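Here is a short briefing on one protein model. Take a look at the structure first, then read the points below.

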Amino acid sequence: MITLSRILYSAKARLPLSMQFLIEMLTYWRKLCRYNASRHTEGDMQKMQYTLLRRNHIIEKGMSMRKPKHGFGQAKVLELIESLRRYNQRYGTADKAFLRYPLATIKTYIEYQQHNGVDIAHIESQFEQLCREAAIPADSLSTPAGVETVAASYLQQEATANFERLLLSRHSIRFFENEQPSRALLEKALALAARTPSACNRQAWHTHIYFGDDTHRLLRMQTGCNGFCDDIHCAIVVTANMKGFLGHEPFQCYIDGALYAQNLINALHYVGLGTIPLSCGFMSNQLSQMQRTFNIPDNEVLIVIIGTGIMCKETKIAVSTRKPVSTTNTYH
């Protein structure tokens, strides 16, 4: 029996490749319009949760910098509290447990500011009111959140112990010693990451490494590390070459590039360097400007920027609690 889907598939197969690409782009455009978290955010519980986690991490990130500004982040914390209040009103009965992590982060933030002599009574009162509304006592917030200080020697020891401890000890580091990592260490990590699997072993990834002032200019253009970009003295841009993929795999470059990037992050951790992955998920005009400025060919797509370097003897890391596997996995 000939079905409509078979007819459409057969018709699509006979179209010129450029038209097939257009269909793929239109299909993705339709999904973006429907599922992107910037649209109708508060009308969808998952969209709201993802955006709240993003804003929560901004608070954690501020506390993990080398020298945060005195009293930083108060407006952002108040905005987060108000958004959490709206979440509780809409979805508190559907998934109240979600609130515990961002509430624990705010609690840690309040303690952090009080320890530094900052008067944030207005935030404390709003926080306590939200806890009452959500029926979550502040003293019951035991979810790990905020930041902690760890020794670089401990992270380096854990990274070489075994694979499990390597994964559990990798954290984003936001400040480094004022010296560049050696090329020998970088190339050891690159050689390890080269073992990444790729579609049909094409290995269509590429890395562009920058040092010193070039790193600082690159990170200022990235904009996601305002406040600590001058504390990072080496950056690796991971790209994937679009020329390595065929008509039936228009998005495979991003998949192969991301697999390589994660392996490179783990490899850098293994050789003793700190890392912080920084997003390249920008609009095309910003990506094009970055590629022109830093001599990255147009046929390469940017996957991620990895800030890396020699860790200070002690460093601050965001706790960044992970979701239970039961919430991110479905058995079929």
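**Briefing: spaces and buried residues**

The lining of the largest cavity is made up of four nonpolar, five polar and one charged residues. This is a predicted model.

**Overall**
- The protein holds 13 helices and six strands.
- Its C-alpha trace spans about 65 × 55 × 40 Å along the principal axes.
- Of its 332 residues, 42% count as buried.

**The cavity**
- One cavity of 30 Å³ or more turns up in a search of the whole structure.
- The volume of the largest cavity is about 60 Å³.
- Its lining includes Leu155, Leu273, Ile173 and Met311.
- Ser169, Thr275, Gly274, His171 and His269 also line the largest cavity.
- Arg170 is another residue of that lining.
- Arg counts as charged, and the lining has one charged residue.

**The second largest pocket**
- This pocket has a volume of about 190 Å³.
- Leu167, Ile265 and Pro277 are among the residues that line the pocket.
- Gln262 and Asn266 belong to the lining too, as do Arg170 and Arg322.
- By class, the lining splits into three nonpolar, two polar and two charged residues.
- Helix H11, residues 252-270, contributes the most to this lining, with three residues.

**Lys316**
- Lys316 sits in strand E6, which runs over residues 314-318.
- Is Lys316 buried or exposed? Lys316 is buried, yet has no salt bridge.
- The nearest side chain of opposite charge is Asp231, 9.7 Å away.
- A salt bridge would need the charged atoms within 4 Å.
- The Lys316 side chain does reach a backbone oxygen, that of Met65, at 2.7 Å.

**Tyr87**
- Tyr87 is part of helix H4, which covers residues 74-91.
- Why does Tyr87 count as buried? Its relative accessible area is 0%, and buried means under 20%.
- Tyr87 and Tyr254 are 167 residues apart in sequence.
- In space, Tyr87 and Tyr254 are 33 Å apart, C-alpha to C-alpha.

Terms used:
Residues numbered from 1 in each chain as written. Predicted model: local features only at pLDDT ≥ 70, side-chain atom pairs only at ≥ 80, totals over all residues. Heavy atoms only, no water. 1 Å grid on protein atoms, 1.4 Å probe; cavity = no way out; pocket = protein on both sides within 12 Å on 5 of 7 lines; lining within 4 Å. Points joined across faces, edges and corners; volume = space filled by probe spheres on them. Helix = DSSP H or I, 4+ residues; strand = E, 2+ residues; numbered from the N terminus. Buried < 20%, exposed > 50% of the residue type's maximum accessible area, 1.4 Å probe, protein only. Lys, Arg positive; Asp, Glu negative; His and termini not counted. Polar contact = N/O pair within 3.5 Å; in protein donor to acceptor, adjacent residues only side chain to side chain.
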